[in-house]
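Please open the model in your viewer and keep the sequence alongside, so that each selection below can be made in turn. The tour moves between helices, strands and loops, and each stop begins with something to select.

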Amino acid sequence: MQVPLRPLASLCCLTLMLLAVSLSGCAPTRISGLPSTSSGSALGARVVRTASTQIGKPYRSGGQSPSKGFDCSGLIYWSFQQNGVTVPRVTTDQAKAGRPVSRGSLQPGDIIVFRTSSSPNGLHTGLYAGQGKFIHSPNRRSKVRMDSLSTPAWAKSFVTGRRIVAPVARR
């Protein structure tokens, strides 16, 4: 019995393409110490994992995509959007989104708000990642990164946390 070559060749090409993509660095970046879906909300954990894939991307004023870079609110907007949730795009609106959460009650995926003098309207936002850390795009001299809330400058300028709850699907 003779096996047709066309389906076999197609399968071979598909396998080689998948192997090439997995070896080329296109796989999502894994950062140790990020929350699992069992800590906090499952949505929050997914949003944090999504944001963590952008660590090292450049800051760009008005940026909201991996290809162009991110400003602080653009990173949060994009990270939630990739998980099917729309949050406001602008920092001042993100500072009012969802419901307020105290610093001691933060969970992974909460938006955290800081009072700064260098950002538009004096606010800066980040995404709480758990264990006292947050992901943000600080300024044009930096890249998307993870920082500690216990750093004196961040601890002093912390204003509030905002918990975003995913809309419940209607049956």
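Predicted model: local features only at pLDDT ≥ 70, side-chain atom pairs only at ≥ 80, totals over all residues.

Within α2, which spans residues 42-52, the buried positions are L43, G44, A45, V47, V48, T50, A51 and S52. Because eight of its eleven residues are buried, α2 is largely enclosed by the rest of the structure.

Zoom out for a moment and show the whole chain as a cartoon. The chain has five helices and eight strands, and from the N terminus on these elements follow one another as α-α-β-β-α-α-β-β-β-β-β-α-β. Of the 171 residues in the chain, 41% are buried. If you display contacts with a separation of 6 or more, residues 24 or more positions apart account for 52% of them.

Next, select α3, residues 72-81. Here C72, S73, G74, L75, I76, Y77, W78, S79 and F80 are buried; with nine of the ten residues of α3 in that state, the helix is therefore largely enclosed by the rest of the structure.

The crossing in which α2 passes α3 is right-handed. To see the contact itself, show side chains for V47, T50 and A51 of α2 and for L75, W78, S79 and F80 of α3. Coloured by residue class, the residues of this contact divide into five nonpolar, two polar and no charged.

Now turn to the sheet. In what order do its six strands lie? Reading across the open sheet, the order is β3-β8-β4-β5-β6-β7, and the pairing is antiparallel. The edge strands, each of which pairs on one side only, are β3 (99-101) and β7 (145-148). Looking from one strand to the next, you will find a twist that averages 40°.

With the sheet in view, bring the two helices back. Helix α2 packs on the sheet, where α2 touches β5 (123-130) and β6 (133-136), and the direction of α2 makes about 110° with that of β5. Helix α3 also packs on the sheet, touching β4, β5 and β6, and the direction of α3 makes about 45° with that of β5.

The strand pairs can then be visited one at a time. Select β4 (residues 111-115) and β8 (residues 158-163), which pair in the antiparallel sense over four bridges; I111 has R162 in β8 as its bridge partner. Move on to β5 and β6, whose antiparallel pairing runs over three bridges, with G130 standing opposite K133 in β6. The hairpin of β5 and β6 has two residues between the strands, and in this hairpin Q131 takes a positive phi near 55°. From there, continue to β6 and β7, which run antiparallel and are joined by four bridges; the bridge partner of F134 in β7 is D147.

Two loop residues complete the tour. Select Q54, in the loop between α2 and β1 (64-65). Is Q54 buried or exposed? Its relative accessibility is 6%, so Q54 counts as buried. Leaving aside its neighbours within four places in sequence, Q54 is in contact with P66, F70, L75, W78 and V144; of these, L75 and W78 also belong to the contact that α3 makes with α2.

Finally, centre the view on G109, in the loop between β3 and β4. With a relative accessible area of 5%, G109 is buried. Not counting residues up to four places away in sequence, G109 touches G44, V48, F80, L127 and Y128, and among these G44 and V48 are buried residues of α2, while F80 is a buried residue of α3. To end, draw a distance between the C-alpha atoms of G109 and I164, which are 55 residues apart along the chain: the separation is 7.8 Å.

Technical notes
Residues numbered from 1 in each chain as written. Heavy atoms only, no water. Buried < 20%, exposed > 50% of the residue type's maximum accessible area, 1.4 Å probe, protein only. Pairing = 2+ DSSP bridges. Axes fitted to C-alpha atoms, helices over the stretch in contact; angles between N-to-C directions. Contact = heavy atoms within 4.5 Å. Left-handed = near helix turned anticlockwise from the far one by under 90°. Nonpolar A, V, L, I, M, F, W, Y, C, P; charged D, E, K, R; others polar.
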